[in-house]
Amino acid sequence: MNLPQTYSVEAWTRGGEKIEHKKYIGLPYLSWSQIESFNDKVGFNTGLLGQFEYIVKYLSFFKFEDLGFGQFGSEVEAYITLRQEEDLSWVEEKVQKEFQDALKNFSEKEKTVLNTIEPLGIFQDEICYYVEELDIIVLGYIDDRTQEDSYGNIDLLRDYKSKSESSKKDLHLDKKYQIELYILGLRQRGLNVLGAEYCIIERFGGRECMNGGGRESLSVGDRIWYEPYSWTEERLKQTHQMIIDTAIRISSLKNTYDKYFGTNN
């Protein structure tokens, strides 16, 4: 498969050097965010069809500037999951910086709201879902989950989102397969997920941010929503097939792109 990225030693190290993932070094991979953005009808950055925005970002290597949403979301997750940690030496430098930014940027009122969220204990757990039919992996990171028990059962995994009350509805649309990917990846590691949920942190200032206000226009609201997420075996099969179909389309698109715009042309 001709995909834009390969799972490198650096990526493996960044993911915590999981022994079970070392065998994937050198394989082509797609991130979950790539798959989702490729299939979007409207790209977030350009308003173009998702696959056209994908060409600009992942094949032409154009870096879209973060409007502020990405930074805000990262700060929220870092604060929730790391605020109780005394030793951060094990944490990636990028995430350490996000945590320090969160301490600086969040008001005491915002911190009080976020302090009501009890983290589950295992943060940014790397998922490498191996797709045997194509010899590729799909890479993702679980925001937070409970420790598995002696039988390999995980009571709960959680995905943190910062949303307004009106925008949080899209998390349950049929096109959302993120949690299914996590479940499939954990199953390959011999682990079984019993429950999943979204923890949605109310976010204010989205319109101002879209109009150029940046990270400074965004703030944590007063409400936290916990929304259970359910899945079926059929849904997991659909996720697997959707990954295959998307990877084939991306590979074909990259073959065409390389033919006309490759470095040797």
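Author: Ring pairs link F38, Y54 and Y58 into a cluster. Rings of Phe, Tyr and Trp (its six-membered ring) pair if their centres lie within 6.5 Å; planes under 30 degrees apart count as stacked, over 60 as edge-to-face and the rest as tilted. This is a predicted model, in which local features need pLDDT of at least 70 and side-chain atom pairs count only at pLDDT 80 or more, while totals for chains, interfaces and linings use all residues. Residues are numbered from 1 along each chain as its sequence is written, and side-chain values use heavy atoms, with hydrogens and water left out.

Reader: How many aromatic pairs does a search of the whole structure find?

Author: The search finds nine aromatic pairs. One of them is Y24 with Y130, a stacked pair with 5.7 Å centre to centre and 20 degrees between the planes. Y24 lies in the loop between helix 1 (9-14) and strand 2, and Y130 in strand 3 (residues 122-131), so the pair ties together parts that are 106 residues apart in sequence. Helices (H or I, at least four residues) and strands (E, at least two) are DSSP runs, numbered from the N terminus.

Reader: Is Y24 buried or exposed?

Author: Buried means under 20% relative accessible area, exposed over 50%, and partly exposed in between (1.4 Å probe, protein chains only). Y24 has a relative accessible area of 9% and is therefore buried, whereas Y130, at 24%, counts as partly exposed. Y198 and Y229 form an edge-to-face pair, 5.7 Å centre to centre, with 85 degrees between the planes. Because Y198 lies in strand 8 (residues 196-204) and Y229 in strand 9 (residues 219-229), this pair ties together parts that are 31 residues apart in sequence. Y198 is buried at 2% relative accessibility, and Y229 is buried at 10%.

Reader: Which residues of helix 3 are buried, and against what do they pack?

Author: In helix 3 (residues 50-59), the buried residues are G50, E53, Y54, I55, Y58 and L59. They pack against strand 2 (28-31), helix 2 (32-39) and helix 9 (233-261), where contact means heavy atoms within 4.5 Å. After helix 3 comes F61, with a positive phi near 60 degrees.

Reader: How is the packing of two helices described?

Author: The description consists of the angle between their axes and the distance between the axes. Axes are lines fitted to C-alpha atoms, for helices over the stretch in contact, and angles run from 0 to 180 degrees between N-to-C directions. Helix 7 (residues 178-188) packs with helix 9 at an angle of about 90 degrees, the axes being 10 Å apart. Helix 7 is therefore roughly perpendicular to helix 9; angles under 35 degrees count as roughly parallel, over 145 as roughly antiparallel, 65 to 115 as roughly perpendicular and the rest as oblique. On the side of helix 7 the contact involves E180, L181, I183, L184 and R187, and on that of helix 9 E233, R235, L236, T239, H240 and I243.

Reader: With which residues is F72 in contact, leaving aside its neighbours within four places in sequence?

Author: F72 belongs to helix 4 (residues 69-82) and is buried, with a relative accessible area of 0%. Its contacts beyond those neighbours are F106, S162, R203, R215, L218, S219 and V220. F72 and R215 are 143 residues apart in sequence, yet 6.2 Å apart in space, C-alpha to C-alpha.
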